[in-house]
Amino acid sequence: MAVAFTINGKAESVDVDANTPLLWVVREHLKLTGTKFGCGSGLCGACTVRVNGVIVRGCLMLAAQCDGAKVETIEGVSDTGQIADLQAAFEKRNALQCGYCTPGMLLTAQELLARGGVP
C-alpha cells in the first residue's frame, strides 16, 4: 500500500505492506537510523519518534497509520537545533551511556519538558 507523510519537513511516499511498523519504514526505507529497534514491544523506547507532535513507539505504530501525518525523528529535531540544550545537558550529566537508546530518551525528555514535567 502507498503511504504518504511528511518526515522531518520532507514529503515522502513509500509502498509497504499494510502491517509494516513505522520503525522499519524510517530505518530501512528512509535510512534514518537514529531510531533504533530495541524490544519490539514498546517498552524500551529506543524506537521513539514523534507523530503529529506526540511521541509514539515506532515499533508499535503501523506506517499505514501515518498516512498524511507529520513525523519527526531524532535526525529532524537535532538537525534543526531544537534539542541542542537538551543534548548538552545529557552530555554534561553523562546521561548518554552507550548511546543506543539516547535518541528515544531525548525525544521523550523534550516532550516532558514541553508539558512541564510528569503529570
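1. Before the sheet, a quick word on terms: two strands count as paired if DSSP finds at least two bridges between them. Please also keep in mind that this is a predicted model.

2. With that in hand, the sheet is open and mixed in its pairing, built from five strands in the order β2-β1-β5-β3-β4. At its edges sit β2 (10-15) and β4 (54-57), each of which pairs on one side only. On average, neighbouring strands here are turned by 40 degrees against each other, direction ignored.

3. Within the sheet, β3 (residues 48-51) pairs with β5 (residues 70-72) in the antiparallel sense, over two bridges. V51 has V71 in β5 as its bridge partner.

4. What lies across β1, β2, β3 and β5? Helix α1 (residues 22-29) does, and it runs at about 105 degrees to β2.

5. Now to T48, which is found in strand β3. Is T48 buried or exposed? T48 has a relative accessible area of 2%, so it is buried, the cut-off being under 20%.

6. Leaving aside residues up to four places away in sequence, T48 touches T35, I55, V56, R57, G104, L107 and T108. The contact with R57 has a polar part: the side chains of T48 and R57 make a polar contact at 2.9 Å. A polar atom of the T48 side chain also lies 2.7 Å from the backbone oxygen of G45.

7. One distance for reference: the C-alpha atoms of T48 and K10 are separated by 19 Å, with the two residues 38 apart along the chain.

Conventions:
Residues numbered from 1 in each chain as written. Predicted model: local features only at pLDDT ≥ 70, side-chain atom pairs only at ≥ 80, totals over all residues. Heavy atoms only, no water. Helix = DSSP H or I, 4+ residues; strand = E, 2+ residues; numbered from the N terminus. Axes fitted to C-alpha atoms, helices over the stretch in contact; angles between N-to-C directions. Contact = heavy atoms within 4.5 Å. Buried < 20%, exposed > 50% of the residue type's maximum accessible area, 1.4 Å probe, protein only. Polar contact = N/O pair within 3.5 Å; in protein donor to acceptor, adjacent residues only side chain to side chain.
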